[in-house]
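Visitor: I have a structure open and would like to go through it piece by piece. Can you walk me through it?

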Amino acid sequence: MMMKAFLLIVFATLFSLSLYAQGAKTASLTDEDKIYTTPVEVMPQYRDGDESLYFRLEHIRYIFEDRMKNIQGKVLVMFVVEKDGSISNVKMVHGLTEKQDNEVIRVVTNLRHWKPGMQDGKPVRVQMAIPIDFKLVKS
């Protein structure tokens with residue numbers, strides 16, 4: 001029951017706060033290496049669609065120790081979708097605990113199947129972020 005409630009919260013959070021990106025990183029990078037942090041013409045999309053992405057995110061375990069200590073909150077994980085649709089530079093912007101953060105990073109790192117972002121008809125590197133809410137629900 002708690003897992004279903006947790007997954008419902010994850011879905012609701014992801015649905016309402018959808019993936020986002022922000023402004024170009026640094027001017028010193030070549031166009032080949034540039035990481036876009038503002039929206040591009042075509043934003044990256046998970047290759048099998050949002051439902052498949054949500055299904056993958058269901059594999060994020062809510063660490064038992066954290067649940068027992070009533071540790072709750074929202075985490076924000078950031079990553080880059082590369083030109084080939086792979087993921088790189090996965091890091092926590094705002095986390096909960098080291099163990100929970102490592103679990104989130106593990107799952108997001110394995111989200112390899114993306115359609116890359118496009119700018120001027122060419123694939124580009126785009127920084128993305130996913131918010132995930134870890135909340136205990138009384139049953």
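Guide: Start with arginine 125 and glutamate 82, which are both buried. Keep in mind that this is a predicted model.

Visitor: What do arginine 125 and glutamate 82 form?

Guide: They form a salt bridge, and the closest N and O atoms are 2.7 Å apart.

Visitor: Where do arginine 125 and glutamate 82 lie?

Guide: Arginine 125 is in strand β7, residues 122-134, while glutamate 82 is in the loop between β3 (73-81) and β4 (87-94). The two are 43 residues apart in sequence, so the pair ties together separate parts of the chain.

Visitor: What else does the side chain of glutamate 82 have a polar contact with?

Guide: The side chain of serine 88, at 2.4 Å. Serine 88 belongs to strand β4.

Visitor: Is serine 88 buried or exposed?

Guide: Buried, because its relative accessible area is 19% and the cut-off for buried is under 20%.

Visitor: Which residues is serine 88 in contact with, leaving aside neighbours within four places in sequence?

Guide: Phe79, Val80, Glu82 and Arg125. Both partners of the salt bridge we began with, arginine 125 and glutamate 82, are in that list.

Visitor: OK, back to salt bridges. How many does the structure hold?

Guide: Six. One of them joins arginine 106 and glutamate 103, with the closest N and O atoms 2.9 Å apart.

Visitor: Where do arginine 106 and glutamate 103 lie?

Guide: Both are in helix α4, residues 98-109. They are three residues apart, about one turn of the helix.

Visitor: And are they buried or exposed?

Guide: Glutamate 103 counts as buried, at 4% relative accessibility. Arginine 106 is partly exposed, with a relative accessible area of 42%.

Visitor: Which residues are linked with them in a network of salt bridges?

Guide: The network links Arg61, Glu103 and Arg106.

Visitor: Which side chain does lysine 69 meet in a salt bridge?

Guide: That of glutamate 65, with 3.8 Å from N to O. Lysine 69 is exposed, at 56% relative accessible area, and glutamate 65 is partly exposed, at 35%.

Visitor: Why would such side chains pair?

Guide: Side chains of opposite charge can pair when their charged atoms come close.

Visitor: New topic. Which residues in the largest nonpolar core touch the most other members?

Guide: Phe79, Val104, Leu111 and Trp114, out of the 24 residues in that core. The elements giving two or more residues to the core are α2 (50-57), β3, β4, α4 and β7.

Visitor: Which element gives the most?

Guide: β7, with six residues.

Visitor: What does leucine 111 touch, not counting residues up to four places away in sequence?

Guide: Tyr46, Leu53, Arg56, Leu57, Ile87 and Ile130.

Visitor: You keep mentioning β3 and β4. In what sense do they pair?

Guide: Antiparallel, over five bridges. For instance, valine 77 has methionine 92 in β4 as its bridge partner.

Visitor: What do β3 and β4 form, and what is in the turn?

Guide: They form a hairpin, with five residues between the strands. In the turn, glycine 85 has a positive phi of about 90 degrees.

Visitor: Last topic, the rings. How many aromatic pairs are there?

Guide: Three. In one, the rings of tyrosine 62 and phenylalanine 134 have centres 5.2 Å apart and planes at 70 degrees, so that pair is edge-to-face.

Visitor: Where are tyrosine 62 and phenylalanine 134 in the chain?

Guide: Tyrosine 62 is in the loop between α2 and α3 (64-68), and phenylalanine 134 is in strand β7. They are 72 residues apart, and the pair links distant parts of the chain. Tyrosine 62 counts as buried at 7% relative accessibility, and phenylalanine 134 is buried at 0%.

Visitor: What about the rings of phenylalanine 79 and tryptophan 114?

Guide: Their centres are 5.6 Å apart and their planes are at 50 degrees, so this pair is tilted. Phenylalanine 79 lies in strand β3 and tryptophan 114 in strand β5, residues 114-115, so the pair ties together parts 35 residues apart in sequence. Both phenylalanine 79 and tryptophan 114 are buried.

Visitor: Which cluster do ring pairs make there?

Guide: Ring pairs link Tyr46, Phe79 and Trp114 into a cluster.

Definitions and conventions:
Residues numbered from 1 in each chain as written. Predicted model: local features only at pLDDT ≥ 70, side-chain atom pairs only at ≥ 80, totals over all residues. Heavy atoms only, no water. Salt bridge = Lys/Arg side-chain N within 4 Å of Asp/Glu carboxyl O. Buried < 20%, exposed > 50% of the residue type's maximum accessible area, 1.4 Å probe, protein only. Helix = DSSP H or I, 4+ residues; strand = E, 2+ residues; numbered from the N terminus. Polar contact = N/O pair within 3.5 Å; in protein donor to acceptor, adjacent residues only side chain to side chain. Contact = heavy atoms within 4.5 Å. Core = buried A, V, L, I, M, F, W, Y, C linked by side-chain atoms within 4.5 Å. Pairing = 2+ DSSP bridges. Phe/Tyr/Trp six-rings, centres within 6.5 Å; stacked < 30°, edge-to-face > 60°.
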